[in-house]
Amino acid sequence: MSIMSMNNRISRRKFIKLLGTSAAAGAFLSTSDLMKAYAQNVTTISFRGWGGVEEDAGVRAAIEVFQEENPHIRVEWQHIVADYAMVLLADIAAGTAPDTAFVGSEQYETLRQGGMLLDITDRIRNDPLLGQPGYFFEPQEAARSADADGRWHGIGSCWVAPHIFYNAALFDEAGITPPGFRDDQIWDWDTFVEIAKQLTVDHHGRHPGDAGFDRENIQCWGVNWPLWWIPIAAAVVANGGKFFTEDGLSGLDSPEALEALQRLSDLIYVHHVAPRGAALEGLGMPIAAMLDTNRLAMAVDGSWALAWINPTALTVPMGTGALPKMAQTATYMQAHFHSALAPTRHPEEAWQWVRFLATPFYQTQFLKIGLWLPSQTALLTEEGMAGWLTEGIHPDSHAYFVANYLPKYGVTGRIPPGWPEAATDHIAPAFEALGLGTPAEEVFPDAVRRANEVLRAAQM
Amino acid sequence: MAIWRTDRKAPGLTLVQRRTIIGYIFIAPFILGVILWWLLPAAVAAHLSLHRWNLISPPRFVGLDNFERLFADPLLMQSLHATFIFTIFSVPIGLAFAFFLASLLTTRIRGIAIFRTIYFLPSIVPAVAGAVLWAWIFNTEFGLLNVIVRELGGPRIAWLQDPNWTMAAFIILSTWGVGGTMIIYLAGLQGIPTMYYEAADIDGAGRWAKVRHITLPLMSPIIFFTLILGLIGSMQVFTSAFLITNGGPQNATLFLVLYIYRMAFQSLHMGYAAVLSWLLFFILVVLSLIVFRYFGRRVYYEN
């Protein structure tokens, strides 16, 4: 009996050892089998990006079309749901960077400076399609993509820019003509404030400036102008200021910028037409819901918001219009890039994929849902627009907006390296102070000085 | 003591040798963990503190530059201030609240176990869920806290937008997690023999005298232990600040670990972040030593 159990124990141990080693060997062999198969005739490149469900679907559709046209290239999509910048940096540091990736506009210069992005200038110039002059509308495309020597390290995915979304029913009721994008439909600042006042009512139906107006119990606000960097940049450029100067520093301490910033704060604290950040967060309603329930007449938001603030999504009639002009008509535009990363072992295939992303198929998908604005001139012609303008998503003003207003009045630039640090540590707290009512000239000169120290250090 | 027999005739290892090896195998995961996730990263951080590294280009040796920066960094001062204020207030409040709850929960009534569970549950709610919940409680317009404050006649406090009130908000939030400490105190309170209380009753001691002369001294080792843990934990507060205010408003809640995280992964100053991490370590060591020296003497050990 004991001999039998002794035999069993030894053989069981041996059996388990055998099982373990064969499983490990099997796993190893199978992966090497896969690798061998791919090495033979197919190159696989990785493509990393962020985004929600629509971006994920859009990329997968593009990959299918691309792989059909290029059977020897396979694209592996790495969908990063959170902390994109950090995950990308960690992989770069670890040596496992993807071949191609989304590059955020605020990360572009940092990565370029570190030599992490592939120089694709010559490939673009020699490309029969992309190399044509006027393929993208200029001068904005070169302004954001090319460095001081004119070298390109990525291609912009699209454009996005803030503008006004409005509740048309409230305008009708008040008998006011809503804003638009044509030159005669764009208001100057004082007109804008006046109209916002007419649209702001407290619980007793009084407007700002009326006797007995109750600023603590406002039923409907005239406008919401968020105080984060893109809507602020739009206000600054509309007053002739610069958000970033030519030498890659913050321009928020110039008189024009300070005036623009103060005007935004005055909307809240002097004219009482805009809610305080606290009150807005306090209502717990997203902007679309506030427009829909007649609690907000105009919302300044990025053009990407059209994906959820559109005639189909809202129950009230809505429309879009240009930001009011201060010293000039302008809005601030930017977007993320598609780049090939320098450590890639397949630069040709990576370029083919980045190139594909800059051709109409990919951009069209996101134009259709209202998330993006076109950067390719082919999509701005009559026939081009017919291919993506969607009934129920794009208001009537949209065609003029993308084909005429944006190329003429959109302002862009390169975001300098070191901006994420300067913004988080110094500029964002200054925006918060502005939102609490502190005068702009008290907060910004100091904040900009500190931010510029960071930006200068990052340029070295 | 292992006796190693070198004149062994049978093949293989001795029983003692086998047992020793098995022992090492069992503690290997833990030792490996300490080495891989504590010792090695600490050593790498110490090495990094002498370099500039932004994750993209290779590290560059800069000597003591990062250490010099410690003295010229106004945000570091702000961060240390925020962290110390938070610790000084939240730890005593948390411990006192946990002690109070534990004393209540030693009452012998039916169904006391249900109450113990109820008071313990909040401390095991996941951090993100807790953060979202508290963001709503602190909501300026409709948050529960403001409703109560307004009922009592107070103003509408912008808990998470007003830099003057955000710290108070986080201190209130920290009481959410007293469940763990409370359970420890509960165990400690139940370990005190009732004969001491009976003897005190015979001597005519009132309730407060009993607490002062029996409960607190006999609980002092446990209170000391939770004090040290509480201090170390509070100095490292991160998740709630990261999720709710991200260091805002105007850096009022830029706690030290959040500042290190921001410095390393958003501003890409890995070398300076490494220095800050070691700074935190030294602060905690000094703090622990102070607590050991000052409170350690007052701890009463029965044996």
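Colleague: Which residue is the bridge partner of Phe47(A) in β3(A)?
Modeller: Thr100(A) is the bridge partner of Phe47(A) in β3(A). Keep in mind that this is a predicted model.

Colleague: How many bridges join β1 to β3 in chain A, and do the strands run parallel or antiparallel?
Modeller: There are 2 bridges between β1 (residues 43–49) and β3 (residues 100–103) of chain A. The two strands run parallel.

Colleague: What sheet do they belong to, and in what order do its strands come?
Modeller: An open sheet of 5 strands in chain A, ordered β2-β1-β3-β11-β4. Its pairing is mixed.

Colleague: Which strands are at the edges?
Modeller: β2 (73–79) and β4 (155–156) of chain A. Each of these pairs on one side only.

Colleague: Switching to α8(A). Which of its residues are buried?
Modeller: Helix α8 spans residues 189–199 of chain A, and its buried residues are Phe192(A), Val193(A), Ile195(A), Ala196(A) and Leu199(A).

Colleague: Why do they end up on the same side of α8(A)?
Modeller: Because they cover an arc of only 165° around the axis.

Colleague: What do the buried residues of α8(A) pack against?
Modeller: Three elements of chain A: α7 (168–174), β7 (218–224) and β8 (296–302).

Colleague: Take β7(A). How many of its residues are buried?
Modeller: 5 of the 7 are buried, so β7(A) is mostly covered.

Colleague: And which strands does β7(A) pair with?
Modeller: β6 (residues 201–202) of chain A is one of them, joined to β7(A) by 2 bridges, and that pair runs antiparallel. With β8(A), the pairing is parallel over 3 bridges.

Colleague: New topic: where is Gly114(A)?
Modeller: In the loop between α4 (105–113) and α5 (121–126) of chain A.

Colleague: Why does Gly114(A) count as partly exposed?
Modeller: Because 18 other C-beta atoms lie within 10 Å of Gly114(A). A residue needs 20 or more to be buried, and 12 or fewer make it exposed.

Colleague: What does Gly114(A) touch?
Modeller: Leaving out residues up to four places away in sequence, Gly114(A) touches Asn54(B), Ile56(B) and Ser57(B).

Colleague: How far is Gly114(A) from Pro417(A)?
Modeller: Their C-alpha atoms are separated by 9.9 Å, and the two residues are 303 residues apart along the chain.

Colleague: Last one. How is chain A divided into domains?
Modeller: Domain 1 takes 43–157 + 335–390, and domain 2 takes 162–332 + 418–459. Their C-alpha centres lie 31 Å apart.

Colleague: How many residues of the two domains are in contact?
Modeller: 5 residues of domain 1 of chain A are in contact with 7 residues of domain 2 of chain A. The domain 1 side divides into 3 nonpolar, 1 polar and 1 charged.

Key. Residues numbered from 1 in each chain as written. Chains lettered and ligands numbered in written order. Predicted model: local features only at pLDDT ≥ 70, side-chain atom pairs only at ≥ 80, totals over all residues. Helix = DSSP H or I, 4+ residues; strand = E, 2+ residues; numbered from the N terminus. Arc of directions from axis to C-beta. Pairing = 2+ DSSP bridges. Domains from an automatic or database assignment. Nonpolar A, V, L, I, M, F, W, Y, C, P; charged D, E, K, R; others polar.
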